[in-house]
Amino acid sequence: MSDDSHEQTGRESVPSRQRRRFPEISSRAYEHPADRSALVALRKLSGFDTVFKALSGLLPERSLRLLFLSDSVRVSERQFAHLHDMLLDACYILDLEKVPPMYVNQDPQPNAMCIGLDEPIIVVTTGLVELLDEEEMRAVVGHEVGHALSGHSVYRTILLFLTTLALKVAWIPLGNLAIMAIVTALREWFRKSELSADRAGLLVGQDVRASMRGLMKIAGGNHLHEMNVDAFLEQAEEYEAGGDLRDSVLKILNVLPRSHPFATIRAAELKKWAESRDYQRIMDGHYPRRTEDKDTKVSDSFRESAASYASDVKTSKDPLMKLVTDLAGGAGDLGGRVRRGFNGFTSPPPNGDPQGTPEDTPPRDED
């Protein structure tokens with residue numbers, strides 16, 4: 001850990017309290033496998049940067065920058081100095097050389113984002129600043145700096161543009177359908193990128209309870225004395241395991257239009273990563289460096305992503321995922337299992353009869 005006191009020399013800052021720093025850390029160290037595979041593939045595309053620079057002329061990026069500059073407060077040594085210190089700390093810890101500009105925007109809705117094609121900019125709302133304490137806010141700033149280090153701001157800007165475009169061409173059936181297919185795929189990737197950025201926030205704050213509290217407050221507001229982190233995490237477990245196949249379908253439909261995973265799911269995922277060997281290895285100083293990024297293989301990243309999804313399905317307690325796992329394992333009687341699933345049962349009846357009988361099935365509650 002650094003023993004330096006808080007000081008600033010040029011654009012460099014050291015943390016205001018003792019925190020481990022990660023020189024030359026590659027974003028691959030904390031990225032979710034599905035996020036990482038997409039990023040590695042995009043970075044390997046020949047001419048990728050040229051295409052996006054050409055596309056930037058079509059995007060309202062300049063307009064957004066001027067809007068925040070003219071109608072928000074830019075964080076600096078003289079304005080929101082405590083946020084400025086957090087930003088410098090986060091960039092120092094993750095070794096991000098160029099500190100992105102950061103703005104506070106008047107909006108009661110707690111939110112933060114990192115956007116931009118050429119250079120990322122970070123925006124936090126007054127609702128978020130007023131909601132979180134210092135350590136919780138530090139994790140959020142680290143989250144956004146993690147987005148910047150991964151290059152997520154580019155794809156988020158594209159997503160915002162395509163979402164707006166989809167609304168404009170909604171009257172063209174096929175055109176809207178094609179754009180929404182791309183938007184849906186981007187949203188699935190972006191949900192995974194949020195899990196990556198949560199991990200970056202933990203690497204910056206290095207206080208898992210503060211990260212949990214922040215997610216809990218985003219879900220339930222500024223009533224910390226009325227909430228409990230352990231009970232909040234139990235909600236995530238109940239959400240995943242509860243219900244029948246109908247609930248599984250509803251979960252999918254509920255999450256499709258979202259760019260972020262649900263708060264309880266994010267908390268559970270972050271806790272699992274914080275307890276993993278991957279996190280401990282990073283904290284011990286063993287992590288991939290940026291100098292190694294050029295040697296990464298797309299095929300390896302895709303294999304890691306596929307293995308991650310397969311592991312998620314295999315270990316999931318969700319009724320639909322359990323059904324998929326059983327069928328993949330060679331379990332028969334698809335029709336019977338689906339019928340029982342929609343009746344609230346996903347496992348064979350006690351008699352071992354795969355079909356089940358009326359006597360095996362308890363009466364359903366009627367409305």
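Is Glu136 buried or exposed, and what is its relative accessible area? In this predicted model, Glu136 is buried, with a relative accessible area of 1% (buried means under 20%, exposed over 50%, partly exposed in between; 1.4 Å probe, protein chains only).

The model is predicted, so local features need pLDDT of at least 70 and side-chain atom pairs count only at pLDDT 80 or more, whereas totals for chains, interfaces and linings use all residues. Residues are numbered from 1 along each chain as its sequence is written, and side-chain values use heavy atoms, with hydrogens and water left out.

View 1. Beyond its neighbours within four places in sequence, Glu136 is in contact with Leu131, Ala210, Arg213, Gly214, Lys217 and Leu224 (contact: heavy atoms within 4.5 Å).

**View 2. Salt bridge between Arg213 and Glu136.** The N to O distance is 2.7 Å (a salt bridge is a side-chain nitrogen of Lys or Arg within 4 Å of a carboxyl oxygen of Asp or Glu). The pair links helix α9 (residues 208–220) with helix α6, 77 residues apart. Arg213 is partly exposed, at 21%.

**View 3. Salt bridge between Glu135 and Arg138.** These side chains meet at 3.7 Å, N to O, three residues apart in helix α6. Arg138 is buried, at 3%.

**View 4. Salt bridge between Arg266 and Asp198.** The N to O distance is 2.8 Å. Arg266 lies in helix α12 and Asp198 in helix α8, so the pair ties together parts 68 residues apart in sequence. Both residues are buried.

Conventions. Helices (H or I, at least four residues) and strands (E, at least two) are DSSP runs, numbered from the N terminus.
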